[in-house]
Amino acid sequence: NQIYARVLSESEEGISIIGFNLRLNTPLAKLMEAWADHMEVPVPSVYFEFGDKVLAAMETPLSHGWTRERGTFKIVAKPCEEIECEDSEAEEEEAKKQLAKEKIVLEYKQEQKKRRKGSRAPA
């Protein structure tokens, strides 16, 4: 029960496509390690996607419902910086929103304090 898996990646040098034969029950870690060795990059510096899912090392093609009849198991390798960049941008945006909320709350509290002082003034 072997299938053909293809790993596509983009770099400054262009697009790279590397093929692998593997069994349906082979952990994807083997494919990931072989691809990283071939590309001369550390495994933790990349992540692998199948469709819109990030693949885990202990998953298998079979765990994704793949069969030999479905043809080539197409995987995309991407550098981890892309995820980190998106995460840091999202975190930065979230921090800006939090600061804006805090400013609104502070202004509201100051306004309430002024009103209380104004209502206590002797007539």
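The model shown here is a predicted one. Its secondary structure amounts to two helices and five strands.

Strands of a sheet pair through backbone hydrogen bonds, in either a parallel or an antiparallel sense. In this chain, five strands form an open sheet with mixed pairing, and their order is E2-E1-E5-E3-E4. At the edges stand strand E2, residues 14-23, and strand E4, residues 53-54, each of which pairs on one side only.

The pairing of strand E2 can be followed in detail. Strand E1, which covers residues 2-11, runs antiparallel to E2, and 10 bridges link the two. Within this pairing, Arg6 has Gly19 of E2 as its bridge partner.

A helix is packed on the sheet: H1, made up of residues 28-39. Helix H1 touches E1 and E2, and also strand E3 (46-50) and strand E5 (73-79). The direction of H1 makes about 140 degrees with that of E2.

Some figures describe the chain as a whole. The chain has 123 residues, of which 24% count as buried. Its accessible surface comes to about 9300 Å², and carbon and sulfur atoms account for 51% of that area. Contacts along the chain may also be considered by separation in sequence: among those between residues at least 6 apart, 56% join residues at least 24 apart.

Note on methods
Residues are numbered from 1 along each chain as its sequence is written. This is a predicted model: local features need pLDDT of at least 70, side-chain atom pairs count only at pLDDT 80 or more; totals for chains, interfaces and linings use all residues. Side-chain values use heavy atoms; hydrogens and water are left out. Helices (H or I, at least four residues) and strands (E, at least two) are DSSP runs, numbered from the N terminus. Buried means under 20% relative accessible area, exposed over 50%, partly exposed in between (1.4 Å probe, protein chains only). Contact means heavy atoms within 4.5 Å. Accessible areas come from the Shrake-Rupley method with a 1.4 Å probe; for residues, only the protein chains shown count as cover. Two strands pair if DSSP finds at least two bridges between them. Axes are lines fitted to C-alpha atoms, for helices over the stretch in contact, and angles run from 0 to 180 degrees between N-to-C directions.
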